[in-house]
Amino acid sequence: MDAVSHSPESRPGEDSTPSPHVEQPPATPTAAEIRRWRRYLADERAEGAVYRDLAERRTGEEREILLGLAAAEQRHEAHWLSLLGEHAGPARKGALRTRLLGWFARRFGSVFVLALAQRAESRSPYATEHAATPAMAADERIHEEVVRALATQGRTRLAGNFRAAVFGANDGLVSNLALVLGIGATGVSPQTVLFTGIAGLLAGALSMGAGEYVSVSSQRELLRSSEPHDDAEGVVPRLDVDANELTLVYRARGMTPEDAELRARQVIASHTTGATGPVPLVVAGHDAVGSGMAAAVSSFLFFASGAIIPVLPYLFGLSGFSAVIIAAALVGVALLITGAIVGVLSGASPLARALRQLAIGFGAAAVTYVLGLAFGAVLA
């Protein structure tokens, strides 16, 4: 079989002349190309399976979109099968990260999986792969945007409470590690360090919970004050159509006078005749803000769960430099995990976010440790 078959994207009657800017693969692929194409083939199969698994957990439009992505991956799979021909060999497993993505998709099907899929699409090598068609490279770029859009709604729902949870855990880790190391470096007894760490845990968790409740509740109240009053909808049918003061509402919201007048007439007509159903003055939602109580509870629990980690060595009777090293190691692992989770959900590099979190946490702890050493030396 000719190893340079036309791409599956080609259509009968279309000009299939290769673009002069795209290097075409040789008639007989090299061993390195065969290995690379087989890897691409396995990845396309695995990614298609991920989208089909996600589609099984969705309904309606979202399900159709996911199945459309799976169909696109199947077209890419056919391209590599066409190029490989007799060299395709038995089915291989995709990359480890793609297989892990499939495992998550089958068991969770959540925004975390979509965020990971978005990250996977952004790493497509087709833009620099001479054997891939320009359409395939464009597909992968667009797939990233499709998955980003699918993940947006889930990210919005998570934003308020998840922000409180992640920030609470991170603050607990960093602040209590800094507190424990700073106090421990002064040379006080291990019992003093332990009680100080527990006091810091309780004070910080209560402060974080109260602060989040006030912050989120205030934000929701501020947004609610910007909504139309409930009675505003009821008076619309009684407005003077000629004067049409409803136009002032839409002009105040940024519409041009012409657009505002057209919109106001449509709203009045719909409320008067009921032909198309009432048109709301505004559609508002506060999903991204979250609820005050949920944010407060999340902050309290996650701050406490983070703040307890630096105290653990002292709870088990350790002291001195060994307790410091173990506390720092435990907190370092936790900071890496929280940073990686933020990176995954934001569609960014989990490693970069994890290292950033680690550097910030250890930087703050190092400052207090050095100050504790200085104060200990002065007091001695």
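**Figure 1. Salt bridge between Glu 62 and Arg 58.** Glu 62 is partly exposed, with a relative accessibility of 24%. In this predicted model, Glu 62 is joined to Arg 58 by a salt bridge whose closest N and O atoms are 2.9 Å apart. Arg 58, at 16% relative accessibility, is classed as buried. A total of eight salt bridges is present in the structure.

Figure 2. Arg 141, Glu 144, Glu 145 and Arg 148 are connected by salt bridges into a network. Glu 145 and Arg 141 are four residues apart in helix α5, so about one helical turn separates them. The relative accessible area of Arg 141 is 46%, which makes this residue partly exposed. Glu 145 is likewise partly exposed, at 30%, whereas Glu 144 counts as buried, at 13%.

**Figure 3. Aromatic cluster of Trp 37, Tyr 40, Trp 80 and Tyr 126.** Ring pairs link these four residues, Trp 37, Tyr 40, Trp 80 and Tyr 126, into a cluster. Four aromatic pairs are found in a search of the whole structure. One of them is formed by Tyr 40 and Trp 80, a tilted pair with 5.0 Å between the ring centres and 45 degrees between the planes. Because Tyr 40 lies in helix α1 (residues 31-56) and Trp 80 in helix α2 (residues 60-84), the pair ties together parts that are 40 residues apart in sequence. Tyr 40 is buried, with 7% relative accessible area, and Trp 80 is also buried, with 0%.

**Figure 4. Nonpolar surface patch with residues from α6 and α10.** Tyr 213, Val 214, Met 293, Val 297, Leu 301 and Phe 302 make up a nonpolar patch on the surface, and their accessible area together is about 570 Å². Helices α6 (190-225) and α10 (292-307) each contribute at least two residues to the patch. The largest share, four residues, is supplied by α10. Val 297 is located in helix α10 and is partly exposed, with a relative accessible area of 41%.

Notes. Residues numbered from 1 in each chain as written. Predicted model: local features only at pLDDT ≥ 70, side-chain atom pairs only at ≥ 80, totals over all residues. Heavy atoms only, no water. Phe/Tyr/Trp six-rings, centres within 6.5 Å; stacked < 30°, edge-to-face > 60°. Buried < 20%, exposed > 50% of the residue type's maximum accessible area, 1.4 Å probe, protein only. Patch = residues over 30% accessible without salt bridge, like charges linked within 9 Å, V, L, I, M, F, W, Y side chains within 5 Å. Areas by Shrake-Rupley, 256 points an atom, 1.4 Å probe, with all protein chains shown as cover. Salt bridge = Lys/Arg side-chain N within 4 Å of Asp/Glu carboxyl O.
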